[in-house]
Each structure stands twice: as C-alpha cells, then as structure tokens.
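Thanks for coming. I will go through one structure today, and I will give the cut-offs for each term as it comes up.

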Amino acid sequence: MTKIISLFILEAVFCFTFFTVSYSDINLIQTTCKKTPFYDLCVLTLKSDPRSSTADVSGLARIVADSVKAKAIATLNQISALLNSVKDPTLEKALEGCIVSYNTIIQADIPVAIDAIEKNNPKFAVQSATDAGNEAQACENSFAEKPSNSPIFSGNKAVHDLSVVLQSIASLLL
Amino acid sequence: MVDTRPFLPVSSHAGSDPTGPSENRRKPMKLQLSIFFVLLTVGFFAALLTSNNGSDNGFVKENEHGSLASPSSEKQLRPVSRGPAVGVSEKSNRLFAKDNENQLAYPWNNSMLSWQRTAFHFQPEKNWMNDPNGPLFYKGWYHFFYQYNPHAAVWGDIVWGHAVSKDLIHWLHLPLAMVADQWYDKNGVWTGSATILPDGKVVMLYTGSTTENVQVQNLAYPADHSDPLLINWVKYSGNPVLVPPPGILDKDFRDPTTAWLTSEGKWRITIGSKINKTGIALVYDTKDFINYELLDGILHAVPGTGMWECVDFFPVSKTEENGLDTSVNGPSVKHVVKASLDDDRHDYYSIGTYHEKNGTWIPDEPKIDVGIGLRYDYGIYYAAKTFYDQNKNRRVLWGWIGESDSEAAEMQKGWASVQSIPRTILFDKKTGTHLLQWPVEEIESLRLKSYEFNQVKVQAGSVVPLDVGPATQLDIIAEFEIDNEALEKTTGSNVTFSCSSSGGTVERGALGPFGLLVLADDSLSEQTPVYFYIAKGSDGKLKTFFCNDQSRSSVASDVNKQIYGNLVPVLEGEKLSLRVLVDHSIVESFAQGGRTVITSRVYPTKAIYGAAKLFLFNNATEASVSASLRIWQMNSAFIRPYPNDKESQ
C-alpha cells in the first residue's frame, strides 16, 4: 500500500511540475498581454521572438521595443520611397512631417525606452512609449484626405498599437 | 522482508510480495496507470483554465481598438494618454484636439520653438534636465544641482549639473559637479540631498546605479570646503555606503533625503522604496554618514501607492511664519512626509506627527495620507525637494517641470524641462490641512512696469482685454469678487465637478468658470484659461475649484490638451485670490495664497511674441464678477554661464 501511495505522490509531483514548467513561459506572455489593450498583437509579437521563452516582464518589454523600432524603420523606408515620387505639395508636406515623427521614434523614443527599462527607471520608458504612439498618430493625422486612410496607414497603426503595448508593459515595471 | 526500494515500480522482480501471485501485482499497476492519466488530464485542463482566466483589469474593450484588420472607417487611431496606461477614461481627457481637420501635426518652425524658452525660470543652456538635487545655501551662494543629460534633449547618461545664485533667481551655470565615473554610479548619478553639519561642512548623499543596475547610496563631499562655489566634488573612497537591504529589490532603493538629528545625537535619513504595491520609506541612523543602521520599522507606508521616489521629510511650524531647520522638533511643530509616486508622476504630501523614538510618522488625516491626498501641484510637477535656507530662515521648495509637447519638438529645439520658481513652504494655519506655497520674494526684483486695474466688472458670458503691453513675461496678482445675489439665488445640485473631467471653460455653470486668459491671441483662437469654478451643492454649500484649461492653448495637435486642477479651500470672508507667473511656455498659478497650485506648459503657435495678450473672462451663466489686479512686466533673469573674469558678479 505504501508503495502505491508513494508512487502516486511521485507521479502527482511529476505531472504538475511538468505542466507548470512547460506552460509558465506561455502564461507570462498571456498574463502580460492581457494587461495591454492589444492582446492578439502583443502575443503574436512576443511569440515570434525566441527570446520571449525565457524572458521576464522586463525582457518582454525589450522585445516589444525592438519590434516598434523595426516597424518604424520599415515605415520610414516606405515614407522615403513615397517622397521620391511625390508630386502633390500637400502630400509632400505631410510625408516630410512623418519623416520627423519617425526619426523621433527611432532615434529618441525607442532608445530611451530601452535604456530606461535596462536601468530600472521604467517611468521614462512609459513616457517614451506614449510619445512614440503619439508620433505615429500625428503622422497619420497630417494627411489631408479624410476619411480615407493615409498611404502609410498600416505602418502607422502597427507602430501606434505596438507603442501602446510597450507603454502598458513598461507600466507593469513601475 | 522489508522492501528497501520503495520508489521502484512494483513490476520489479526483486523483493518479496507477500500478497502472492502476479494477478495481484497487475491490479496496482492498472491503478497506477489510471491515476497517471487522470493527473495528466487534470494538469492539462488546469493549464488551459489558468491560461484563459478571465480578462479583467478594466482596460478598454478590444473592439474599440480593433485588430490589425480594422475597417477603413477606423481612421482615428486612439490617442495615447499620458496618464496611467490602462483603465483610464479617455473621454474628456483627449490628448489631441478633436477636430484637427487639415491640421499639420508638426507646425513648428524655429520662431515658435525658440519663443518657448523661458526668461526667468532655471534651465540649462541646452539638453535634458529632470530632478532637482542637493539644493543648499553655502558661504553666500545658493547652490542648485540637477539631473542632466549632457548629450541629448532626452533622458539618459545622467550626471549632476550645477549652478549658483545670490538670490534664487539670477543663476550662473558652473561645470558638472559629478559624472558617472565609478562602477557604483556608472549607469546613473541619480538624485540626492545635501546635509550641512554643525561645523558648516557639507555632505551629499546620492543614489548611484551600478554597472549591474543595482541602486546604491553613495557619499560625496566638496573637494575644497573653502571654495564658496563648491565646484569640485570628491566621492568617498569606500562607496557605496548603503546597498538595498534584505527584502528590498535592487531597483527599488533611491533618493536619500537630507539628514536630521535624533535626540541621541545621531543623524537620520529616509529613503523611499516599495514592497509589492505598498509605497514605503525606510529609515537609517548614522553617526558618520559612512556606517548606517537600518531601523526595524519604517517611517510610514501606504498600500497601493507603488514606488515612493524622491521622498522628503521636514518640519513646519504651526505658529511661526518662517521655515525650520530639518532637525527641529517640538510641540509646536508638525512634520510633512512627501513622496513622488512613480505610478502616476505626481508629488503628494501629508501633514502629521513624527515619533522620534521609533522613527515613525503618522498622518493627521489618514484619508489624505501620502499618495492618496493632497498634491503640491495639480499640473506638471515632479520630483520636488525642499531645503532649509538658513540665510533667510525659510524652507524652500524646488520642483521639476517636464515638457508636455511631442518629443519631435524637443529634438528640434534641443532642450527639455525647466524648474519651477523656488517656492517658500509654510503650514496653512487657517485650514490646518494644507501647506502654502509662494514664489520666493526675490522674484519681485524682476518686476518692471506695473499696471493696476480696480474693480473691473466682467458680466456673465464676456471677455475683457487687459492692456498690459507684451504678455509673455508677467507677474499677475488678482482678486475676484462674485456677485453675491447670484451666489445665493443659484440652485444647488448633486452633480459633482472636477477640473479634469469637465469640458473646460466652454462648460458653463451658474457660478463659473471665470478668471484669466493668458497667452491668448486677439481672436482667442489660442488661449490658456486660469480660473475658478464655483459649484453649489444641493445642501447649499459652495465648493470652489481652481483649474488650468489647456484644451485650446494651441492649435497644434501634438501638445497636451488636458485640464488640470483641484478643489481649493476658500474660508469664510476670504476673497478669491490668484497669482500667476507667465514666462513663455510655462504658467505657474497660485490660488488662495498658494493653497492650491497648478503649473502648466503651454505651446502656442500664434499667441507668441507680440501677439500674446491677456484677458479677463467670465463664462458663467448667472453671476457677474469684478476683478482687481496688479500686473507687472517681468525682466529676464539672464541665466548664463558663470563668467570667467573674476570682476563680474
């Protein structure tokens, strides 16, 4: 009888440990992303980065910051390409404004956010992430043809939404 | 024989089996397997359940934002609030203007941006600044140190900037006092405070962020105590003097205060921290600023307030109109605990009683305890720190004023942040619950031409221009009287009012809003109202609110458009009084002698230079008001580097 009981205990321990360990990293991603307004985007972004399997919340924030930067660079390239062939002066002005916004995101907002997360002073990461989202929105708002979207709407939306995710995750570190 | 291998599978052949034939052995085996699979299933479902555990935390519903494939009509990306990230109502607090048709998001030209620099507020010549550090008066000079980035207009690479002044107004920049040259402050020479010893010597305690990003406390002192300018500083060779104690995380231990003496003749300091989400202040005693003993208890704690940054602890007199040295204690003294809350970027204070024997402090009114009650300032104001000015026997308060425009603008203008005008702090004897803040009197030395207006009547729903010449550098003192009849006649209601959730000055009440429009252009397309709003409850009681409305402060869409403010106690027989300092892109406003204070950053595109004007306004529906004002043009403080030649001041 004691043999059975001890075996039972061993297997109970084994099963629960196994499941806790294998589900914990996914759980951290899920619990963290639930605290952001863009759950699906957050989970997708984190899961597609291999670092997320061993990251703590700080590490997850870093992954999102890197993703904002990557999306911002891609969008900046799009804007530059459009500028090369633009004829309409209003459109040109809007695109030039967007260059300023995106340079700010890439050269100021994200580096400061990453630095602040690393140095454990998360409020500056929250502020920078907020600004990044605002810059993307400002760019989108500057296009005159409403109500339709700008030619770089999907880039602006991606950068904006990811910035909000970054802002939320950085807030968890306060 | 006893089975000596209890953890081996039963199917092993070793050991006797008193129960007999193999059939009996198979039963336990089947049992084991079925238990195993049950556990497997249970574990699987448990994992599934916990991972899908209900969405909560009150954040905005997902369909409001939409997924990446949102319909094209979802043109408007949601504005990103500068407030707490999730769970905050966005409705009336929109960061961006609602109707920005054809508005360029980035209208800034160099003329607009260079106008933003202040004339008489402390700021370095360029780059980023944040917390005030180690303010003190020494050998005839006021010293001011500050968190500074020597390389960029954003936070980072933080070192200690330094400036001196004879009068807290005219500042001269000196070389950097401390840089990140040691392993224990390599990742940041962060905030700290000065203590003046009885023999007049100065010691500085500051937080360093080490190469491993651990927050530690370090000791530094002037290299030459006979140098009144305190240009060079030495870091104690045995630094750090304090490391995070057990139970405190490496990232939650910063901003040591000025020390005060205990009755045992030891020095005592407090350092803010947190345990989970409870903000706390740790207490240490020391005899030499090198060896410390952590007290068993803490100074105070308030659940739910998060990390306490830049804690400050000081006495105020209940009876006298002067400041007190930090070590003063006694029956006619109250003690203030102040914390900067990391979670919401606001400074909170509370008045209470200090119990010296065990190093604890208890608030007079637990409902307005630290972090849940009164704020120094209801606008943009953080990391404040006081010092005892032994030169003029007063307690002086410094506060960091950040920017509320876009980072893009800061990159272009090449600087970010200013400091508030230093304020004296006094206990408000009349309310007993508030502190009074008031710009130091030396600011009056900047006053030039003055204008006086007596009993100007402002009818309900009207605007009165005040001709004072240029209106970007002003000191305004005003008193308002509201039509008594309207006060009595008006029916009260149950509706609760708050500055931040109101519609600003376009939202008309019977008894408000009324006040001043600063940094307004002639057509009022840009205006920053600084105003009172009186609300009458259904019990007939009047409540007065003091607000700053930024919603129409600029046509630019990338600046903060929130409405700041709070209740201001107005006692029987008191007139409504206001003081406003306008200095380009900063407006500091004080109601009822400094009982409620609001600082705003304002970034107009049109109401700048000669186009900026001043108006009185009254947008109430029933009451007329009359205002009496004295307004001064303000000179520049000519803040500049300390001159190389020894003759000039």
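Let me begin with a pair of charged side chains. B:Lys235 and B:Asp185 meet in a salt bridge through their side chains, at 2.6 Å from N to O. By salt bridge I mean a side-chain nitrogen of Lys or Arg within 4 Å of a carboxyl oxygen of Asp or Glu. B:Lys235 sits in strand β8 (residues 233-235) of chain B and B:Asp185 in the loop between β4 (171-178) and β5 (189-196) of chain B, so the pair ties together parts that are 50 residues apart in sequence. Helices (H or I, at least four residues) and strands (E, at least two) are DSSP runs, numbered from the N terminus.

Are these two residues buried or exposed? Both B:Lys235 and B:Asp185 are buried. Buried means under 20% relative accessible area, exposed means over 50%, and partly exposed is in between, with a 1.4 Å probe and protein chains only.

Before going on, a word on where the numbers come from. This is a predicted model, in which local features need pLDDT of at least 70 and side-chain atom pairs count only at pLDDT 80 or more, while totals for chains, interfaces and linings use all residues. Residues are numbered from 1 along each chain as its sequence is written, chains are lettered from A and ligands numbered from 1 in the order in which they are written, and side-chain values use heavy atoms, with hydrogens and water left out.

Back to the charges. Side chains of opposite charge can pair when their charged atoms come close. Over all chains, the count comes to 37 salt bridges. Another one joins B:Asp285 and B:Arg268, again at 2.6 Å from N to O. Here B:Asp285 is in strand β11 (residues 278-286) of chain B and B:Arg268 in strand β10 (residues 267-275) of chain B, so the parts tied together are 17 residues apart in sequence. Both B:Asp285 and B:Arg268 are buried. In chain A, a network of salt bridges links A:Asp49, A:Arg51, A:Arg62, A:Asp66 and A:Glu118.

Now chain B as a whole. Its secondary structure comes to five helices and 37 strands, and 58% of its 649 residues count as buried. The chain is divided into domain 1 (128-439) and domain 2 (446-634), with bounds that come from an automatic or database domain assignment.

How far apart do the C-alpha centres of the two domains lie? The distance between the centres of domain 1 of chain B and domain 2 of chain B is 32 Å. Their contact (heavy atoms within 4.5 Å) takes 30 residues from domain 1 of chain B and 28 residues from domain 2 of chain B. The area buried between the two is about 2200 Å², and carbon and sulfur atoms give 58% of it. Buried area is the accessible area, with a 1.4 Å probe, that two parts lose on being put together, summed over both. On the domain 1 side, B:Tyr378, B:Ser404 and B:Trp438 lose the most area to domain 2 of chain B, together 29% of what that side buries.

There are three salt bridges between these domains. B:Asp377 and B:Arg423 are both buried.

Last, the nonpolar side chains. A nonpolar core is a set of buried Ala, Val, Leu, Ile, Met, Phe, Trp, Tyr and Cys residues joined through side-chain atoms within 4.5 Å. The largest has 72 residues, and those with the most contacts inside it are B:Phe480, B:Leu516, B:Leu614 and B:Leu629. At least three residues of this core come from each of domain 1 (128-439) and domain 2 (446-634) of chain B. A second, separate core of 59 residues includes A:Leu95, A:Ile106, A:Ile114 and A:Phe124.

Which residues does B:Leu614 contact, leaving aside neighbours within four places in sequence? Among them are B:Pro465, B:Leu516 and B:Ile631. That is my last residue, thank you.
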